[in-house]
Amino acid sequence: MINTRSLPVSPEPQLRNIGWNWMLGTDTLSYLTNEVVVVSPAEADAFYEAGNQLFTMLVEAGQHVIDTNRFSELGIPDNLIDLIKLSWSDDRHIQLYGRFDLAGGIDGQPIKLIEFNADTATCIPETAVVQYAHLRANGLDEEQQFNSVYETLVEQFRDILLHNEDKQPTLLLSAMRGFPEDDSNLAVLGEAAREAGFTVEFEYIDKVEFSVDEGIFKQNPENGQFDKFDFWFKLVPWEYIGHEESDLAHILTEAVRRRQVVILNPAYSLLFQSKYILKILWELYPFHPLLLKTDTQPLTDRMYVEKVLFGREGANVRIMDEQGRVQAEADGDYDDYPKIYQEYVELPTDGTGKRYQAGVFYVGESCGLGFRRGGAILDNGAQFVGHLIG
C-alpha cells in the first residue's frame with residue numbers, strides 16, 4: 001500500500017523565490033497534487049541501484065542488436081540504421097538523459113521495468129524543480145528527496161562539451177508546435193545547458209534549416225542571418241523522423257558523419273526507445289529480478305499487457321487476462337506499429353485505489369524519483385506526485 005503525506009503549501013511561492021516563476025501558469029502545475037509519496041531510505045536506494053543496473057543491461061542489449069543486425073525486429077526504419085551505428089561507435093555522442101518507468105519498489109514489492117523513455121522523455125520540470133520547490137515550501141529539507149536531476153543535467157551537459165571540444169558550445173532546442181508541456185521541458189534543459197556553458201536558443205522544428213554540408217541553422221530575427229548551431233536537442237521522436245521525414249533522416253546522417261552537428265539524444269537512443277528491447281532484455285537476462293517476461297506472442301499462462309513498439313503516454317495499450325480478454329484499453333494514434341506482449345504486474349495503490357508508477361531519471365546515473373498516479377493505464381492525464389524520504 002502506498003503511504004502518502006499531505007504537503008498543503010503550494011510550490012508556487014518557492015518557485016518564485018528561486019527564480020522559476022516562468023513555470024507558473026503552464027500546464028505543468030495542473031498535473032501536480034498536494035501530496036507526496038513517502039519512501040524509506042532503503043526504497044530510495046533500491047530505485048537508484050535499479051536505474052543504474054538497467055541502463056548497463058540496456059547497453060548490452062543495444063550492442064547485441066547491432067552485432068546481430070536485428071534493427072527490423074525493433075521496428076527501426078532502414079534510413080536511420082547508419083546514424084544509429086555512427087552515434088553508437090563514437091564516444092562523443094552521449095545520451096543526455098532518459099526516464100525509467102518502473103512498477104513496485106514500495107512496501108516490499110519488487111521493482112520491475114515497464115519501459116525506458118530514452119528519446120523524448122518528459123516530466124523534467126515536475127521531477128527536477130517543482131517537487132523540490134514543493135518540499136521547500138512546506139519547510140522540509142532537500143535531503144529528504146532523491147532528486148539531483150537538475151544538477152546532474154548541468155554536469156552531463158558539461159561532459160558533452162568536454163567530449164566535443166572541436167565544436168562551438170552553441171545549442172539549439174527544438175520541439176513540435178502545439179505541445180506546451182514540451183516547451184516547459186525544453187526550458188529546464190535550456191537552463192541547465194546555459195549553466196554548463198552553452199549558448200542556447202529555441203526554435204520550432206518547422207523553422208529549423210538543415211544542410212548536409214553545413215549542419216543546422218536558425219534565422220536570427222534581428223539581422224536575418226542564419227546562425228549555425230553545433231549541438232541540437234530535439235524533442236521530436238527519432239522514429240517520426242525516420243518514417244515521416246526520410247529526407248531529414250538522410251541530411252542528419254550526413255551532417256553527423258561530417259561532424260557538422262552533435263544531436264541529443266543520439267540516434268542510438270531509438271534502440272532503447274523501441275519496446276522490442278524489452279524482449280531482447282528478457283532473452284539476454286531471462287528471469288532477471290528487474291525484468292518482466294516479454295514476447296512477440298500473447299502470454300497464455302498469465303495476464304499480460306499488449307503494447308505497440310513506439311507508443312507513447314499509454315496510447316494503444318491493452319491489459320489482457322490469461323484467456324486474451326481485454327481488461328482495460330486505451331486508444332491512440334500508434335496502432336499501425338507492431339505489438340509486443342509484456343507480463344502484467346500490479347502497480348502499488350493507495351487507499352482510494354489509485355495506481356502509482358515510479359519514474360527514475362537517468363542522466364549518466366540514476367538521479368531523481370517521481371511518481372505518476374492514475375487508473376489501470378496511465379495516460380497523459382495522469383497526475384504527477386512528488387516524494388519524501390522518511
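Helices α4 (124–137) and α5 (149–163) each supply at least two residues of the lining of the second largest pocket; helices (H or I, at least four residues) and strands (E, at least two) are DSSP runs, numbered from the N terminus. This is a predicted model, in which local features need pLDDT of at least 70, side-chain atom pairs count only at pLDDT 80 or more, and totals for chains, interfaces and linings use all residues. Residues are numbered from 1 along each chain as its sequence is written, and side-chain values use heavy atoms, with hydrogens and water left out.

The second largest pocket holds about 310 Å³ of space. On a 1 Å grid over the protein atoms alone, a pocket is an open set of points where a 1.4 Å probe fits, with protein on both sides within 12 Å along at least five of seven lines, and lining residues have an atom within 4 Å of a point. Grid points are joined across faces, edges and corners, and the volume is the space filled by probe spheres set on the points. Of the 14 lining residues, Tyr132, Glu142, Asn147, Ser148 and Glu151 lie nearest the centre of this pocket. The lining has eight nonpolar, three polar and three charged residues, where Ala, Val, Leu, Ile, Met, Phe, Trp, Tyr, Cys and Pro count as nonpolar, Asp, Glu, Lys and Arg as charged, and the others, Gly among them, as polar.

The structure also holds 20 aromatic pairs. Rings of Phe, Tyr and Trp (its six-membered ring) pair if their centres lie within 6.5 Å; planes under 30 degrees apart count as stacked, over 60 as edge-to-face and the rest as tilted. The pair of tyrosine 97 and phenylalanine 361 is stacked, because the ring centres are 6.2 Å apart and the planes stand at 25°. Tyrosine 97 is in the loop between α3 (81–88) and β3 (98–103), and phenylalanine 361 is in strand β17 (residues 355–362), so that the pair links distant parts of the chain, 264 residues apart.

Phenylalanine 210 and tryptophan 232 form an edge-to-face pair, 5.2 Å centre to centre with 70° between the planes. Phenylalanine 210 lies in strand β7 (residues 209–211) and tryptophan 232 in strand β10 (residues 231–234), so this pair ties together parts that are 22 residues apart in sequence. Phenylalanine 210 counts as partly exposed at 22% relative accessibility, whereas tryptophan 232 is buried at 0%. Elsewhere, ring pairs link Phe55, Trp88, Phe100, Phe116, Tyr268, Phe272 and Tyr362 into a cluster.

Next comes the backbone. Most residues other than glycine have a negative phi, and most peptide bonds are trans. A cis peptide bond joins leucine 264 and asparagine 265, with omega about -15°; asparagine 265 lies in the loop between β11 (262–264) and α9 (269–273). Aspartate 107 has a positive phi, near 55°, and sits in the loop between β3 and β4 (112–117). Cysteine 123 has a positive phi near 75°, in the loop between β4 and α4, and is buried with a relative accessible area of 9%.

The domain assignment, which comes from an automatic or database source, gives domain 1 (4–275 + 346–389) and domain 2 (293–343). Their centres, taken over C-alpha atoms, are separated by 24 Å. In domain 1, 21 residues are in contact (heavy atoms within 4.5 Å) with 16 residues of domain 2.

Methods. Buried means under 20% relative accessible area, exposed over 50%, partly exposed in between (1.4 Å probe, protein chains only).
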